[in-house]
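The plan is to look things up one at a time and jot down what turns up.

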Amino acid sequence: MATQDSNLTSSDKLPCHIAIIMDGNGRWAKKRFLPRIAGHRAGMESVRSTVRCCLEKGIKTLTLFAFSSENWRRPAEEVNLLMSLFMTALDKEVLKLHKNGVQLKIAGDLSAFSEELQQRIANAEALTKDNIDLTLIIAANYGGRWDIVQATQKVAHLVGQGVLNPDAITEEEIHRHLVLSDLPEPDLFIRTGGEQRISNFLLWQLAYTELYFTDELWPDFDASSFDNALLSFASRQRRFGRTGEQVEDKKNA
Ligand code: IPE
Ligand code: IPE
Ligand code: MG
């Protein structure tokens, strides 16, 4: 008999929001004597599969780390190829996402992108803005520290204008200005590729997220890999500072 913990149909054991660092594309390609960009292309299939899994299971929010603020340090050729892959993906995938009820959002400092890319991002967001089955956030030129800094600047402006009293700066006030402020915080964080670090992803938002690391390289991450991550999540007790007994009592109340 399946235990309660492994019952993935039990919605209280499913994360509402999953955030993923899709890592290992370069090593996947290297193992096959292919150029790194071939790994990034192969990783697109894992993106499609993960989006499908979320839609099938009714997981409402998925955030994917596509390009970090530190990834500009890579060779110009790889950065350029990643940008054109991003552009092609926007062109090729947006209609499909729209038909499947996916709302697409791009989170990050978009001002560094070409005008053309910024325009395509705006078009894709406008087209899909009323969809409600899944919110898919692509973190691009995103950094957790950048996010906190830009929120702090907005708060500082409000103080400067006399609209906000410094004593009224609360966690909620800062949270309100972060890029994902309208979404629930991630319940489950997944990082593929074997590294066990956050790499300046959602620093504020991951405060109470369950962390899951796997050695699988992102292009190898398929529906069964996704299920393994969900099983691990379902087996955990989220205490948020309380005792295990308090959490059990609340569940049985
Ligand atoms: C993640 O894969 C994708 C991006 C950072 C864009 P990597 O390109 O970091 O792959 P590895 O870590 O070199 O294998
Ligand atoms: C993190 O991966 C960023 C993305 C997946 C987009 P990296 O592969 O760039 O991370 P580090 O630099 O090795 O930590
Ligand atoms: Mg990497």
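Before anything else, a working definition: helices here are DSSP runs of H or I with at least four residues, strands are runs of E with at least two, and both are numbered from the N terminus. I also note that this is a predicted model.

**Entry 1: ligand 1**

Which element gives the most to the shell around ligand 1? I looked it up, and it is α1, with three residues. I then listed the whole shell: M22, D23, G24, N25, G26, R27, R36, H40, A66, N71, R74 and L82. Sorted by class, that shell has three nonpolar, five polar and four charged residues.

Next I went through some polar contacts. One oxygen atom of ligand 1 is 2.7 Å from an N or O atom in the side chain of R27. For the side chain of R36, I find an N or O atom 2.8 Å from an oxygen atom of ligand 1. N25 takes part through its backbone: a polar backbone atom there is 3.2 Å from an oxygen atom of the ligand.

How much of ligand 1 does the protein bury? Taken alone, ligand 1 exposes 380 Å², and the protein buries 86% of that. I also checked where ligand 1 sits, and the place is the largest pocket. The elements giving two or more residues to its shell are α1 (25-31) and α2 (36-57).

**Entry 2: ligand 2**

On to the other ligand I looked up. Around ligand 2 I find I21, M22, D23, F65, A66, F67, S68, N71, R74, R191, R197 and S199. By class, I wrote down five nonpolar, three polar and four charged residues for this shell. Which strand gives the largest share of it? Strand β2 (residues 61-68) does, with four residues.

S199 has an N or O side-chain atom 2.5 Å from an oxygen atom of ligand 2. R74 has a polar side-chain atom 3.1 Å from an oxygen atom of the ligand, and for the side chain of R191 the value is 3.3 Å. Taken alone, ligand 2 exposes 390 Å², of which the protein buries 79%.

**Entry 3: R74 and E78**

R74 is in my list for ligand 1 and in my list for ligand 2, which made me look at what else it touches. Its side chain makes a polar contact with the side chain of E78, at 2.9 Å. E78 has its place in helix α3. Is E78 buried or exposed? Its relative accessible area is 10%, and the cut-off for buried is under 20%, so E78 counts as buried.

**Entry 4: A76**

While in helix α3 (residues 76-99), I stopped at A76, which lies in that helix. A76 has 54% relative accessibility, and anything over 50% is exposed, so A76 counts as exposed. I also followed the chain from A76 to K96, 20 residues along, and got 31 Å between their C-alpha atoms.

**Entry 5: A151**

For another alanine I picked A151, found in helix α5 (residues 144-160). Its relative accessible area is 0%, so A151 is buried. H175 is 24 residues from A151 along the chain, and the C-alpha atoms of the two are separated by 7.7 Å.

S199, already in my notes for its contact with ligand 2, is not a glycine, yet it has a positive phi of about 50 degrees. Where is S199 found? It is in the loop between β5 (188-191) and β6 (210-213). With 29% relative accessibility, S199 counts as partly exposed.

F240 is another residue other than glycine with a positive phi, near 45 degrees. I found F240 in the loop between α7 (223-234) and α8 (244-252). Its relative accessible area is 42%, so F240 goes down as partly exposed.

Note on methods. Residues numbered from 1 in each chain as written. Chains lettered and ligands numbered in written order. Predicted model: local features only at pLDDT ≥ 70, side-chain atom pairs only at ≥ 80, totals over all residues. Heavy atoms only, no water. Near = heavy atom within 4 Å. Polar contact = N/O pair within 3.5 Å; in protein donor to acceptor, adjacent residues only side chain to side chain. Areas by Shrake-Rupley, 256 points an atom, 1.4 Å probe, with all protein chains shown as cover. 1 Å grid on protein atoms, 1.4 Å probe; cavity = no way out; pocket = protein on both sides within 12 Å on 5 of 7 lines; lining within 4 Å. Sits in = over half its atoms within 2 Å of the grid points. Nonpolar A, V, L, I, M, F, W, Y, C, P; charged D, E, K, R; others polar. Buried < 20%, exposed > 50% of the residue type's maximum accessible area, 1.4 Å probe, protein only.
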